[in-house]
Amino acid sequence: MDHEHFMREAIVEARRALDAGEVPVGAVIVIDGRIVGRGFNQPIASRDPTAHAEIVALREAARTAANYRLAGSTLYVTIEPCLMCVGAMVHARVGTLVYGAAEPKSGAIVSAFAAHELPGLNHRIEVQGGVLDEECRALVQAFFQDRRRG
């Protein structure tokens, strides 16, 4: 699988979030080499605290697949997922997570803790981080620098 190609698609989604004034995080879900779900952060506009890029993409992928189980899927996201999103990935049975930049404060894969490795979970997710790390990190850093100036 061409991780950089699909991460670039997630970056397109992150730019949509940026254009909407949301924290620029984007995600896509791929099954059998085809994007079946796309999402970008939109909790402010949707007035929904669960409307993270990953959750939006999972919802679309489940509708596309006509199944809430997304076995064999790969989720690409520009920033390391939070605890809520990791939980949703486990419930959806996502096979692989590929993320761009680590999220030191609330990342639930390698930064704050490894939620996907909790012993009681009945599903394991393969993880690869650091794909297009610099580009993904730059989007978020620029967003917060602009916020601090404004």
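Author: Contact here means heavy atoms within 4.5 Å. The model is a predicted one.

Reader: Leaving aside neighbours within four places in sequence, which residues is Met-7 in contact with?

Author: Met-7 is one of the buried residues of H1, and it is among those that touch the most other members of the largest nonpolar core, which has 42 residues. Once neighbours within four places in sequence are set aside, its contacts are Tyr-76, Val-77, Thr-78, Val-98, Tyr-99, Gly-100, Val-131, Leu-132 and Cys-136.

Reader: Within what arc do the buried residues of H1 fall, seen down its axis?

Author: Helix H1 runs over residues 3-19 and reaches 24 Å from its first C-alpha to its last, close to the 24 Å expected. Its buried residues are Phe-6, Met-7, Ala-10, Ile-11, Glu-13, Ala-14 and Ala-17. They line one face of the helix, because, seen down the axis of H1, they fall within an arc of 160°.

Reader: How are H1 and H5 oriented to each other, roughly parallel or roughly perpendicular?

Author: The axes of H1 and H5 are 10 Å apart, and the two helices pack at an angle of about 5°. Angles under 35 degrees count as roughly parallel. The contact involves Met-7, Arg-8, Ile-11, Ala-14, Arg-15 and Leu-18 of H1, together with Glu-135, Cys-136, Leu-139 and Phe-143 of H5. H1 and H5 are therefore roughly parallel.

Reader: Which elements do the buried residues of H4 pack against?

Author: In H4, which spans residues 83-92, the buried residues are Cys-85, Val-86, Met-89, Val-90 and Ala-92. They lie on the same side of H4, because the arc they cover around the axis is only 170°. The elements against which these buried residues pack are helix H3 (53-65), strand E3 (74-79) and strand E4 (96-101).

Reader: Is Arg-93 buried or exposed?

Author: Arg-93 follows H4 and is found in the loop between H4 and E4. Although it is not a glycine, Arg-93 has a positive phi of about 65°, and most residues other than glycine have a negative phi. Since buried means under 20% relative accessible area, the 17% of Arg-93 makes this residue buried.

Reader: Is Ala-66 buried or exposed?

Author: Ala-66 lies in the loop between H3 and E3, and its phi is positive, about 55°, although it is not a glycine. The cut-off for exposed is over 50% relative accessible area. Because its relative accessibility is 68%, Ala-66 counts as exposed.

Methods. Residues are numbered from 1 along each chain as its sequence is written. This is a predicted model: local features need pLDDT of at least 70, side-chain atom pairs count only at pLDDT 80 or more; totals for chains, interfaces and linings use all residues. Side-chain values use heavy atoms; hydrogens and water are left out. Buried means under 20% relative accessible area, exposed over 50%, partly exposed in between (1.4 Å probe, protein chains only). Helices (H or I, at least four residues) and strands (E, at least two) are DSSP runs, numbered from the N terminus. The arc is that of the directions from the helix axis to the C-beta atoms. The expected span of a helix is 1.5 Å times one less than its number of residues. A nonpolar core is a set of buried Ala, Val, Leu, Ile, Met, Phe, Trp, Tyr and Cys residues joined through side-chain atoms within 4.5 Å. Axes are lines fitted to C-alpha atoms, for helices over the stretch in contact, and angles run from 0 to 180 degrees between N-to-C directions. Angles under 35 degrees count as roughly parallel, over 145 as roughly antiparallel, 65 to 115 as roughly perpendicular and the rest as oblique.
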